[in-house]
Each structure stands twice: as C-alpha cells, then as structure tokens.
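This briefing goes with the structure shown below. Please look over the chain before reading the points that follow.

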Amino acid sequence: LKHSTVGNMSGKGDIPLWISEDEWRSVYEWLYSDNVTTAKKGCARIQAWKARSTRPAIPFPVENTAELVECRVSEASTTNSEPLLQQAYAMAVTRFVNGVYEYRYDQCKEKEAVFVALHAASFQL
C-alpha cells in the first residue's frame with residue numbers, strides 16, 4: 001500500500017473511496033501500526049471503502065494489504081487456531097502472487113499459462 005502511487009478513486013458516478021489525501025495517509029499509518037487496535041481500525045476503514053465502492057473491487061494492493069494486516073491482527077488474538085491462521089496467511093499470499101502475476105500477464109505481449117508456484121519462486125516466496 002503506497003499512498004503516493006494511488007489517488008482518489010472517484011470516477012463517473014462513483015463515490016470516492018477515500019475522501020482526501022489525509023484520510024489515505026491515516027489509513028496507511030493505521031495499517032502499518034504495531035498497535036493491534038490501530039491496525040484493526042485501518043482494516044475497518046478499508047472494509048468501509050469496499051462497501052462504498054460501486055466497482056467490483058477496491059485497488060488490489062489496498063485490498064491485499066488489508067488481508068495481510070487482518071492475518072496479523074488475528075495472530076494477536078487468542079481465539080484463532082493455528083491451522084486457521086495458516087490458511088488465512090496462505091490465502092492472502094496466494095492472492096498477492098496471483099494479483100502480481102495478473103498485472104504482469106496483462107502487460108505481456110506473449111501470454112502463456114504458468115503455475116502460481118513458479119511465479120512465487122520468481123518473487124523468492
């Protein structure tokens with residue numbers, strides 16, 4: 001989640017997902033906070049953006065960052081089992097690899113199918 005690379009998502013008939021650069025920076029800081037309560041606040045704000053969106057999804061890097069932070073927040077909770085937490089992390093990382101691959105694939109002229117594991121290896125994951 002880089003606040004300098006993503007702007008306000010308002011478009012034709014869309015409600016802006018974030019109101020201002022200040023809100024964007026605040027959510028960025030909340031997500032990367034070491035305080036679990038503050039990180040939860042960042043995730044909740046992204047959930048509000050998702051609910052407010054008239055598009056199919058908010059920008060992939062924003063959504064994926066929130067998923068990874070939600071895993072970290074869940075890890076701090078004593079109510080989650082280790083296997084569930086492992087599954088949540090695995091899903092978030094797999095979605096990350098798929099999202100990066102999709103972006104690269106869309107940019108490529110020669111398109112070919114490749115297993116996700118090969119892409120993960122190319123990112124040293």
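Two residues are in contact when they have heavy atoms within 4.5 Å of each other. By that definition, Glu23 touches Leu17, Trp18, Arg45, Trp49 and Arg52, leaving out residues up to four places away in sequence. The model is predicted.

**The whole chain**

- The chain has 5 helices and 0 strands.
- In sequence order, its pattern reads α-α-α-α-α.
- The chain has 125 residues, and 29% of them are buried.
- The accessible surface comes to about 8,500 Å², and carbon and sulfur atoms account for 55% of that surface.
- Of the contacts between residues at least 6 apart in sequence, 48% join residues at least 24 apart.

**How H1 and H2 pack**

- Two packed helices are described by an angle and a distance, both taken between their axes.
- Helix H1 covers residues 21–31 and helix H2 covers residues 36–52.
- The angle between H1 and H2 is about 135 degrees, and their axes are 7 Å apart.
- Why are H1 and H2 called oblique to each other? An angle over 145 degrees would count as roughly antiparallel, and 65 to 115 degrees as roughly perpendicular; the angle here is about 135 degrees, so the pair is oblique.
- The crossing of H1 and H2 is left-handed.

**Where H1 and H2 meet**

- On the H1 side, the residues are Glu23, Trp24, Val27, Trp30 and Leu31.
- On the H2 side, they are Thr38, Ala39, Lys41, Gly42, Cys43, Arg45, Ile46, Trp49 and Arg52.
- Sorted by class, this contact has 8 nonpolar, 2 polar and 4 charged residues.

**Glu23, a residue of H1**

- Glu23 lies in helix H1.
- Is Glu23 buried or exposed? Residues under 20% relative accessibility count as buried, and Glu23 has 11%, so Glu23 is buried.

**Trp49, a residue of H2**

- Trp49 is found in helix H2.
- Trp49 has 0% relative accessibility and therefore counts as buried.
- Which residues does Trp49 contact, leaving aside neighbours within four places in sequence? They are Leu17, Trp18, Glu23, Trp24, Val27, Ile58 and Val62.
- Glu63 is 14 residues from Trp49 along the chain, and the C-alpha atoms of these two residues are separated by 9.9 Å.

Methods. Residues are numbered from 1 along each chain as its sequence is written. This is a predicted model: local features need pLDDT of at least 70, side-chain atom pairs count only at pLDDT 80 or more; totals for chains, interfaces and linings use all residues. Side-chain values use heavy atoms; hydrogens and water are left out. Helices (H or I, at least four residues) and strands (E, at least two) are DSSP runs, numbered from the N terminus. Buried means under 20% relative accessible area, exposed over 50%, partly exposed in between (1.4 Å probe, protein chains only). Accessible areas come from the Shrake-Rupley method with a 1.4 Å probe; for residues, only the protein chains shown count as cover. Axes are lines fitted to C-alpha atoms, for helices over the stretch in contact, and angles run from 0 to 180 degrees between N-to-C directions. Angles under 35 degrees count as roughly parallel, over 145 as roughly antiparallel, 65 to 115 as roughly perpendicular and the rest as oblique. A crossing is left-handed if the near helix is turned anticlockwise from the far one by less than a right angle, and right-handed if clockwise. Ala, Val, Leu, Ile, Met, Phe, Trp, Tyr, Cys and Pro count as nonpolar, Asp, Glu, Lys and Arg as charged, and the others, Gly among them, as polar.
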